[in-house]
Amino acid sequence: MATIPARLAQATRPSTNAVEARQRVIQLYRDWYRSAPEIIEIYTLSVSPAHIRHTIRQKFEANRYVTDLRAIDVLLLKSRQDFQETMNCWKQPDHVVGILLKPTERPQKTFMQKFLEGRDEDAVLPAATGVV
Amino acid sequence: MSLLRACKQAYGLSRQTTPALSSSLRRFASSETPSPAAVEKVDSDIVPTHPDKDVLAADAISGAPEQLRHRVVRIYQPTRNTMQSGGAKTERWRVDFDILQGGGRWENPLMGWASSADYMQGTRMSFRSKEDAVHFAEKQGWDYYIQPATVKRIPPKNYAENYVYKPHKLRIARTK
């Protein structure tokens, strides 16, 4: 699959106000949302488009309350780059499955399980301990 | 800390937009409000602390794991190495993370080595000033506390001191 390097590339520009930033975020979300079937096709994934949309939505929701315009601009830039890399097939399937679609939340534990383990709270534990 | 930041942000916003709101906020902050004149006087005395630099919230964009937001960092000046080292390193301000008390650490069952899953335990950052360190911690959204610097006391030492007459005090003959 030959790709044009400039495809889906966008010039970086700062948002002037919150309304414009919001519009750009919504446009980005829309792009991700619409491209879910194509992502599955490109990387031959065995998931549904709804699952991909759900994961993308979670990533947007995680930064829902960011109000700093500069931070929003950086997040937009990162996600745009991610989108371009995904849609131009510059990724391997593992990047999509293991990073883009990887669930971020940890398995729920009951109070008794936590008590018996006597460990630090999950919120504090480093992500890559391997003991969760 | 996050509440403090939110207050600062709110205060900064209100400062830009509505002075009336900001004054009401300040009035909220002071406990007793006897009369408007007194309030104004209190206002002039209590200087609202807002950051001089505009702090960019980097914790959302730095890519650092969000677990770090629940940790506490210590900002301190390291003490001098008591061997024959100079004191240059004690002028720096360091930032490091508190250790995890629970499952983040364990002992190797075979050899007894101390192990840790905490990837921040060996990480420390150096800054030229305390303000720089505080700014960095705020920018990253970390809770921090500042450990007060140790007061260096260099006792007076001279050779003649050993032979000065001091009444009612046992003389200790120092040979070094």
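The predictor assigns the complex an ipTM of 0.72 and a pTM of 0.66. For chain B the mean pLDDT is 73, and 68% of the residues of this chain reach 70 or more. Among the elements of chain B, the lowest mean pLDDT, 39, belongs to helix 2 (residues 19-29), and the highest, 95, to strand 5. The pLDDT is below 50 over residues 1-44 of chain B, a stretch that has 19 contacts in the model beyond near neighbours in sequence. Where pLDDT is low, the predicted coordinates should not be read in detail.

Chain A contains 6 helices and 0 strands, and the pattern along its sequence is α-α-α-α-α-α. Of the 132 residues in chain A, 12% are buried. When contacts in chain A between residues at least 6 apart in sequence are considered, 68% of them join residues at least 24 apart. Most residues other than glycine have a negative phi. Leu8(A), however, is not a glycine and has a positive phi of about 65 degrees. Leu8(A) is located in the segment before helix 1 (18-34) of chain A. Because 17 other C-beta atoms lie within 10 Å, Leu8(A) is partly exposed; a residue would need 20 or more to be buried.

Chain B contains an open sheet of 4 strands, in the order 5-2-1-6, with mixed pairing. Its edge strands are strand 5 (124-127) and strand 6 (143-146), each of which pairs on one side only. From one strand to the next, the twist averages 25 degrees. Strands of a sheet pair through backbone hydrogen bonds, either parallel or antiparallel.

The pairings can be followed across the sheet from strand 5. Strand 5 and strand 2 of chain B are antiparallel and share 4 bridges; Ser126(B) in strand 5 is the bridge partner of Arg94(B). Strand 2 also pairs with strand 1 of chain B in the antiparallel sense, over 4 bridges. Strand 1 and strand 6 of chain B, by contrast, pair in the parallel sense, again over 4 bridges. Arg74(B) has a partner in each of two strands: Asp96(B) is its bridge partner in strand 2 of chain B, and Tyr145(B) stands opposite Arg74(B) in strand 6.

Helix 4 of chain B packs against this sheet through its buried residues, which meet strand 1, strand 2, strand 5 and strand 6. These buried residues are Ala133(B), Ala137(B) and Glu138(B). Seen down the axis of helix 4, they fall within an arc of 130 degrees, so they line one face of the helix. An α-helix has 3.6 residues a turn, so residues three or four places apart point the same way. Just after helix 4 of chain B, Gly141(B) takes a positive phi of about 75 degrees.

The largest nonpolar core has 8 residues: Val73(B), Ile75(B), Tyr76(B), Trp93(B), Val95(B), Ala133(B), Ala137(B) and Trp142(B). Strand 1 (72-76), strand 2 (93-97) and helix 4 (130-140) of chain B each contribute at least two residues to this core. Strand 1 of chain B provides the largest share, 3 residues. Leaving aside residues up to four places away in sequence, Ala137(B) touches Val73(B), Ile75(B), Val95(B), Trp142(B) and Tyr144(B).

The segment after strand 6 of chain B includes His168(B) and Ala173(B). His168(B) has a positive phi, near 60 degrees, although this residue is not a glycine. His168(B) counts as exposed because 4 C-beta neighbours lie inside 10 Å, and the limit for an exposed residue is 12 or fewer. Ala173(B) is likewise exposed, since 6 C-beta neighbours lie inside 10 Å. Ala173(B) and Asn162(B) are 11 residues apart in sequence, while their C-alpha atoms are 6.9 Å apart in space.

Key
Residues are numbered from 1 along each chain as its sequence is written. Chains are lettered from A and ligands numbered from 1 in the order in which they are written. This is a predicted model: local features need pLDDT of at least 70, side-chain atom pairs count only at pLDDT 80 or more; totals for chains, interfaces and linings use all residues. A nonpolar core is a set of buried Ala, Val, Leu, Ile, Met, Phe, Trp, Tyr and Cys residues joined through C-beta atoms within 7 Å. Two residues are in contact if their C-beta atoms, placed from the backbone, lie within 7 Å. Two strands pair if DSSP finds at least two bridges between them. Axes are lines fitted to C-alpha atoms, for helices over the stretch in contact, and angles run from 0 to 180 degrees between N-to-C directions. pLDDT is the predictor's confidence in each residue, from 0 to 100. The arc is that of the directions from the helix axis to the C-beta atoms.
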